[in-house]
Amino acid sequence: MGGPGRCLLVTGPPAVGKTTLIARVFEMLKASNPNLKIKGFYTREVRQGSQRGGFEVVTLDGRTSPLASTSVSSSESLRWPTVGRYKVDIASFESLALPELQVEKDTDLFIIDEVGKMELFSSSFFPAVLKVLESNTPVLASIPIPKSGRDIPGGTVARLRNHPGANIFTLNPSNRDGATDQVHALLLNMLEQQH
């Protein structure tokens, strides 16, 4: 597997700000190093009024695709897996996210938000994440916090957490603002070592 310290994992309870931190760090990197080639995606809530109606995948260049929804009722969606009240649109997720995880020689950094239950319904997703890790390209990713001490079944999140190059940041409401600067500094350090 990749060299030590090539993978930064952000974890913490739902709605603590993992995606916000990742989006901020991405914007900071783009502002300070506009020539960096950063690939990947993040997952964003879709709101319907005051309710959360689902999630969408957003590429770093702004393209979007549905990931999960409470209001889908097509004949296809009857076969889709569910997480809580959300139906997960695997085909839509894969069509946007998987091309973003193709390893290319000139990629400086991968951002993967998140390696979670919905995304892992895609059988192609975790092998793509492993290829990214093996490429030795720095990775900034978010993973769910273990529920009652246990990771998502299947061992995928545990494999990331136990990866020899992984640094894990556990966010909470009191440290999340400072963590953005810490993660940004660590990534800059990794990127400098690469060149």
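**Figure 1. The surroundings of R6.** Beyond its neighbours within four places in sequence, R6 is in contact with N136, T137, P138, V139, G165, M190, Q193 and Q194. All of these views come from a predicted model. R6 itself sits in the segment before β1 (7–11). Which side chain of opposite charge is nearest to R6? That is D108, and it is 8.8 Å away. R6 is thus shown as a buried residue that has no salt bridge.

Figure 2. Let's step back for a moment before the next close-ups. The chain has 5 helices and 9 strands. Read from the N terminus, its elements follow the order β-α-β-β-β-β-β-α-β-α-β-α-β-α. Along the principal axes, the C-alpha atoms fill a box of roughly 50 × 35 × 35 Å. The radius of gyration is 16 Å, which agrees with the value near 16 Å for a compact globule of 195 residues. Buried residues account for 48% of the 195 residues. Of the contacts between residues at least 6 apart in sequence, 68% join residues at least 24 apart. The chain exposes about 9700 Å², and carbon and sulfur atoms supply 51% of that area.

**Figure 3. The largest nonpolar core, seen around L101.** In soluble globular proteins, nonpolar side chains tend to be buried together. Here the largest nonpolar core holds 34 residues, and L101, I112, V115 and F125 are the ones that touch the most other members. Which helix gives this core its largest share? Helix α3 (residues 125–134) does, with 7 residues. Leaving out neighbours within four places in sequence, L101 is in contact with F41, F110, I112, F125, A128, V129 and V132.

**Figure 4. A salt bridge between two strands, R44 with E56.** Side chains of opposite charge can pair when their charged atoms come close. In the salt bridge of R44 with E56, the closest N and O atoms are 2.7 Å apart. R44 belongs to strand β2 (residues 38–48) and E56 to strand β3 (residues 51–59), so the pair ties together parts that are 12 residues apart in sequence. Are the two partners buried or exposed? R44 is partly exposed, at a relative accessible area of 35%, whereas E56 counts as buried at 17%.

Figure 5. R47 pairs with E45, and their closest N and O atoms are 2.5 Å apart. Both residues are partly exposed: R47 has a relative accessible area of 46%, and E45 has one of 33%. In the other pair, R63 forms a salt bridge with D61, with 3.1 Å between the closest N and O atoms. R63 is partly exposed at 39% relative accessible area, while D61 is exposed at 58%.

Figure 6. How many salt bridges does the structure hold? There are 9.

How values were computed:
Residues numbered from 1 in each chain as written. Predicted model: local features only at pLDDT ≥ 70, side-chain atom pairs only at ≥ 80, totals over all residues. Heavy atoms only, no water. Helix = DSSP H or I, 4+ residues; strand = E, 2+ residues; numbered from the N terminus. Buried < 20%, exposed > 50% of the residue type's maximum accessible area, 1.4 Å probe, protein only. Lys, Arg positive; Asp, Glu negative; His and termini not counted. Salt bridge = Lys/Arg side-chain N within 4 Å of Asp/Glu carboxyl O. Contact = heavy atoms within 4.5 Å. Core = buried A, V, L, I, M, F, W, Y, C linked by side-chain atoms within 4.5 Å. Rg over C-alpha atoms; globule rule 2.2 N^0.38 Å. Areas by Shrake-Rupley, 256 points an atom, 1.4 Å probe, with all protein chains shown as cover.
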